[in-house]
Amino acid sequence: MTQHDRLLIIDFGSQVTQLIARRLRELNVYCEIHPYQAVDGAFLTEFAPKAVILSGGPCSVIDDGSPRPPESVFTLGVPVLGICYGQQVMMQMLGGLVERGEGTAEFGRAYVTPSATPLPLLDGWFLTDKEQVWMSHGDHVSKIAPGFEVFATSPNAPYAVVADPARNFFAVQFHPEVHHTPNGAKLYENFIRLAGFSGDWTMGAYRDEAIEKIREQVGDAKVICGLSGGVDSSVAAVLIHEAIGDQLTCVFVDHGLLRQGEVDEVVGMFRDTYNIPLIHADEQELFLGELDGQSDPETKRKIIGRLFIDVFQKHAGEVGGAEFLAQGTLYPDVIESVSFSGGPSVTIKSHHNVGGLPEKMGLKLVEPLRELFKDEVRALGRELGLPASFIGRHPFPGPGLAIRCPGEITREKLDILRRADAVFIDQIRKHGLYDEIWQAFVAILPVRTVGVMGDGRTYDFACAMRAVTSVDGMTADVYPFSHEFLMETSTRIVAEVPGINRVTYDITSKPPGTIEWE
Ligand code: XMP
């Protein structure tokens with residue numbers, strides 16, 4: 001199997017370490033993030049990085065027992081880039097000094113200016129006299145290590161960029177990985193050029209290698225995959241099917257809480273277009289029966305979660321002798337995060353799309369996306385020929401329409417909700433707004449309101465439209481539709497969806513709201 005050039009990011013706990021990996025992946029460089037506690041001399045030899053980046057972090061190098069990389073990072077003979085805490089730890093270990101910031105702390109936007117000698121790391125910088133960077137530091141370097149020179153300064157960081165060009169050691173006080181350092185990507189590009197990376201991390205190569213790995217792992221065993229209709233499980237399923245063909249069976253659970261046309265779309269695509277063996281588990285009666293009369297959000301979620309596992313297990317049992325369960329776990333879910341409170345131990349975030357299943361079923365996991373970020377999964381989906389409209393779909397939650405129907409769920413309300421949601425999405429598509437929005441949907445409210453249509457009184461449900469922009473679903477802003485759009489859509493919903501006589505637009509950001517209503 002091809003061995004890519006590998007870059008190692010040693011994580012000291014910065015909030016933005018993942019962004020370093022994003023910037024590098026965009027440059028077709030394969031990199032991995034590992035917490036400093038896990039990186040010792042033996043690890044370095046085994047990993048054989050072509051370059052190392054020391055991340056930022058919340059600690060102070062002045063404190064006893066503060067985190068360090070192994071000494072051998074500096075004797076590997078590969079380029080090293082230290083960022084913020086990484087710069088300070090590098091200076092301290094190589095013979096410089098770091099002091100606590102008395103009036104020299106910098107948080108936020110700052111401007112750096114160059115020194116007289118140009119540095120290849122900063123090629124393409126300083127086309128004007130200064131560059132905007134993002135600083136976030138309390139301590140600062142007060143004496144640089146032997147062999148280093150200063151190449152840029154800011155008012156509060158006389159050592160904003162220092163380097164020992166002979167050894168290819170670079171250290172910056174600011175964060176080039178964040179958006180607020182507009183020329184930061186250029187700095188990374190220069191760093192990987194100086195380190196001699198060939199830019200061999202492409203989706204085409206990834207696809208071929210992933211297929212080879214899946215074949216090796218699975219042999220001639222059977223694999224089952226829970227399809228949700230979302231992008232991650234779909235890409236995982238198509239990739240695994242390319243690798244092992246009909247050894248894969250997908251299970252698609254229809255809990256009666258899916259959107260209009262969703263069952264046909266998913267079944268049609270996987271069974272008919274991709275010829276993937278697919279069990280369509282129609283379990284609407286079971287789910288809706290058990291949800292009958294339930295109005296508490298957590299109770300509803302718990303019922304759905306429990307039934308999902310039971311149903312999946314039952315249908316997976318029909319496959320007979322499956323040894324593996326495929327999941328669409330992504331890289332952000334598996335990065336070991338550095339834990340400072342718990343001493344040297346690390347917290348491993350593990351994410352199960354169908355929580356609890358692997359333990360209960362005694363299956364081994366196939367997770368072919370665990371090295372990828374979300375946008376890389378989309379790129380892989382395109383590489384595999386999945387339609388663009390499918391790859392760009394808005395996220396849809398596991399509990400489905402249940403959490404868009406506050407209070408008791410009835411079939412009548414679900415039918416009304418599906419139709420109103422379809423009109424809203426149709427409007428968004430017609431106006432060319434779908435791809436600008438992270439997620440859009442309608443929630444049906446548990447109140448009836450009085451209206452007048454024609455000459456008659458109506459007493460029907462009210463609904464709320466919701467549309468947000470977001471990067472990761474953790475925070476969200478309300479999408480600023482025009483009044484014309486909102487009024488046109490409201491008119492259409494009331495006219496086309498019997499059962500609704502009032503439409504509102506939810507203008508709550510997250511926080512304080514959440515994206516879903518429950
Ligand atoms: P909230 O409502 O917490 O949602 O702001 C953030 C994002 O997560 C989705 N979501 C879920 N996805 N299972 C899922 O697979 C769930 O139980 C679930 N709850 C919320 C939500 O649609 C949004 O994209």
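**Exercise 1. How many salt bridges does a search of the whole structure find?**

Solution. The search of this predicted model finds 27 salt bridges. Arg22, Arg23, Glu26 and Asp375 are linked in a network of them.

**Exercise 2. Which residue forms a salt bridge with Asp63, and where do the two lie in the chain?**

Solution. Step one: the partner is Arg100, with the closest N and O atoms 3.0 Å apart. Step two: Asp63 sits in the loop between strand S3 (51-54) and strand S4 (80-83). Arg100 sits in the loop between strand S5 (97-99) and strand S6 (106-114). The two are 37 residues apart. Step three: Asp63 counts as partly exposed because its relative accessibility is 39%. Arg100, at 44%, is also partly exposed.

**Exercise 3. Is Glu262 buried or exposed? Trace its salt bridges.**

Solution. Step one: buried means under 20% relative accessible area. Glu262 has 3%, so this residue is buried. Step two: the side chain of Glu262 meets that of Arg259 at 2.8 Å, N to O. Arg259 has 19% and is therefore buried. Step three: Glu262 also forms a salt bridge with Arg393, at 3.0 Å between the closest N and O atoms. This pair links helix H7 (residues 262-273) to the loop between helix H13 (388-391) and helix H14 (411-430), 131 residues apart. Arg393 is buried too.

**Exercise 4. Which protein atoms lie 2.7 Å from an oxygen atom of the ligand?**

Solution. Lys510 places a polar side-chain atom at 2.7 Å. Now the backbone: an N or O atom of Ile515 lies at 2.7 Å. The protein covers 66% of the 500 Å² of accessible area that the ligand has on its own.

Notes:
Residues are numbered from 1 along each chain as its sequence is written. This is a predicted model: local features need pLDDT of at least 70, side-chain atom pairs count only at pLDDT 80 or more; totals for chains, interfaces and linings use all residues. Side-chain values use heavy atoms; hydrogens and water are left out. A polar contact is a pair of N or O atoms within 3.5 Å; within protein, one must be able to donate a hydrogen and the other to accept it, and residues adjacent in sequence count only if both atoms are side-chain atoms. Accessible areas come from the Shrake-Rupley method with a 1.4 Å probe; for residues, only the protein chains shown count as cover. A salt bridge is a side-chain nitrogen of Lys or Arg within 4 Å of a carboxyl oxygen of Asp or Glu. Helices (H or I, at least four residues) and strands (E, at least two) are DSSP runs, numbered from the N terminus. Buried means under 20% relative accessible area, exposed over 50%, partly exposed in between (1.4 Å probe, protein chains only).
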